[in-house]
Amino acid sequence: METHKELTIGLFGFGVVGEGLYKVLQLTPSLKARLKKVCIKNPLKKRNAPASLFTTNKDELLYDPEINVIVEVIDDADAAFHIVSTALQNGKDVVSASKKMIAEHLPALLHLQQQTDRSLLYESAACASIPVIRNLEEYYDNDLLHSIKAIVNGSTNFILTKMFEEGLDFKQALIMAQQLGFAESNPKLDVEGYDAVNKWTFLLTHAYGIVESPENILFNGIQNLQAGDSIVAKEKSHQIKLVAQAQKLQNGKVAAFVLPQFVKPNDHLAFVKNEYNGVVIESGFADKQFFYGKGAGSLPTASAVLSDISALRYQYKYEYKKLYHHRPHELATDVFLRVYVSFDDLAYIPKDRFEWLEEWHAQEERKYLVGVIAFSELKENNWWKENNTSLILTPDPVIEDVELRKLKKKSLELAGII
Ligand SMILES: NC(=O)c1ccc[n+]([C@@H]2O[C@H](COP(=O)([O-])OP(=O)(O)OC[C@H]3O[C@@H](n4cnc5c(N)ncnc54)[C@H](OP(=O)(O)O)[C@@H]3O)[C@@H](O)[C@H]2O)c1
């Protein structure tokens, strides 16, 4: 007996993802999803699809009673929010890839889903082809998620791979990423960490029930990294990656941030190169699990959009279990991080604000230190992003019981052991 819902789709956007979806839908006739209309911005652009499919009038899709699914894959977050909220209010289910829009409007989107009882799915917005949201929702539907650590931005990972492993300079690597369709039209979004923190915002909701705006999460991109940092990384046999991390603390809160991090060769994330993304989830009984796949690109992203469309046939909705069915977690601010900081001039570094220093290298042209610093110091100040200063987290950077460790260190110092 056929119980699946018939899907008639209105698609917004026919760029990298939209055209990819068009191709993928044609190759998946078994889905029985009919693409009725595509809304684009520029009517003069040449398209690889019949002209009769296209319109620039969004209402032809949003107010067509036959269209029951809106797929929104445009590159304008404000217009995307308008499209998605109107579609939900008009009783349509929605699939979106617009991470910036989702991150910036998450509370309103949560409210709209409850109010309209419609489904809003956005798997492709997180790690493109990796099904991380649905796994966090369905498989890790419990309170035992110790940590989630991920490379969520294919573009910066591509640039770091080309720079640190293949010797390209930053500009060459960025242009290559853009040419291959791995970078957003505005590279600042990728390079300065905005894209990664946007994704981390809603992944935190699915992992821990945390609803925060992106600007409340500690983050930076790769724009401050220096050639000297890669020399230090190589000396330590580490790689440098832009890592998004969330870790449950003993006090039940969650430390979360998106920052460059040294990654050891035996870390699963060291395996993630070029435009690929990777997610390492550590849970109570299963220990570590590693998800790996393409984090950008036309067909890989379209495949996740397709999977969301397919899930709508059986009325799948995110239940936001960690938010509505468990006690949501809070973001921690009272935690410490072990950091590497390289700099041109010590005058720019407030070294008395470190809890303690573990390494100090002043003789080379580019100086650096390794020390432990309060999370709140980084959250509230910008010195670590200015004046050519570069901050990279060390592997396993989260330090909880700092007072106890300080006392132990002091007693060892007094005993003359260190
Ligand atoms: N590319 C990736 O690998 C990837 C991966 C995951 C998520 N995403 C997300 O997916 C979305 C689309 O990305 P993309 O790479 O496909 O972008 P893109 O190649 O720049 O294409 C954007 C499309 O949106 C259309 N558009 C813009 N404003 C519109 C409006 N107001 N109404 C109707 N159409 C409008 C454009 O129309 P014209 O063609 O007429 O200019 C174009 O077809 C973005 O939110 C992006 O963050 C992308």
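In this predicted model, Arg366 touches Gln226, Asp229, Ser342, Phe343, Asp344, Asn388, Thr389 and Ser390, when residues up to four places away in sequence are not counted. Arg366 is found in the loop between β14 (354-361) and β15 (367-374), and with a relative accessible area of 16% this residue is buried, because the value lies under the 20% cut-off. Between Arg366 and Phe170 the separation is 196 residues in sequence and 19 Å in space, taken from C-alpha to C-alpha.

Phe170 belongs in turn to the contact between two helices, being one of the residues that α9 contributes to the contact with α8. The axes of helix α8 (residues 154-166) and helix α9 (residues 170-179) come within 9 Å and cross at roughly 135°, and the two helices are therefore oblique to each other, in a crossing that is right-handed. On the side of α8 the contact is made by Ser155, Phe158, Ile159, Lys162 and Met163, and on the side of α9 by Phe170, Ala173, Leu174, Met176 and Ala177. Divided by class, the residues of this contact comprise eight nonpolar, one polar and one charged.

A further helix contact involves α1 (residues 16-26) and α13, whose axes come within 8 Å and cross at roughly 65°; the crossing of α1 past α13 is right-handed. Val16, Val17, Gly20, Leu21, Val24 and Leu25 of α1 meet Ser298, Leu299, Thr301, Ala302, Val305, Leu306 and Ile309 of α13, and by class this contact has ten nonpolar, three polar and no charged residues.

Leaving aside neighbours within four places in sequence, Arg313 is in contact with His4, Lys5, Leu7, Ser30 and Leu31. Leu31 and Arg313 are 282 residues apart along the chain, whereas their C-alpha atoms are separated by 8.8 Å.

Definitions and conventions
Residues are numbered from 1 along each chain as its sequence is written. This is a predicted model: local features need pLDDT of at least 70, side-chain atom pairs count only at pLDDT 80 or more; totals for chains, interfaces and linings use all residues. Side-chain values use heavy atoms; hydrogens and water are left out. Axes are lines fitted to C-alpha atoms, for helices over the stretch in contact, and angles run from 0 to 180 degrees between N-to-C directions. Helices (H or I, at least four residues) and strands (E, at least two) are DSSP runs, numbered from the N terminus. Angles under 35 degrees count as roughly parallel, over 145 as roughly antiparallel, 65 to 115 as roughly perpendicular and the rest as oblique. A crossing is left-handed if the near helix is turned anticlockwise from the far one by less than a right angle, and right-handed if clockwise. Contact means heavy atoms within 4.5 Å. Ala, Val, Leu, Ile, Met, Phe, Trp, Tyr, Cys and Pro count as nonpolar, Asp, Glu, Lys and Arg as charged, and the others, Gly among them, as polar. Buried means under 20% relative accessible area, exposed over 50%, partly exposed in between (1.4 Å probe, protein chains only).
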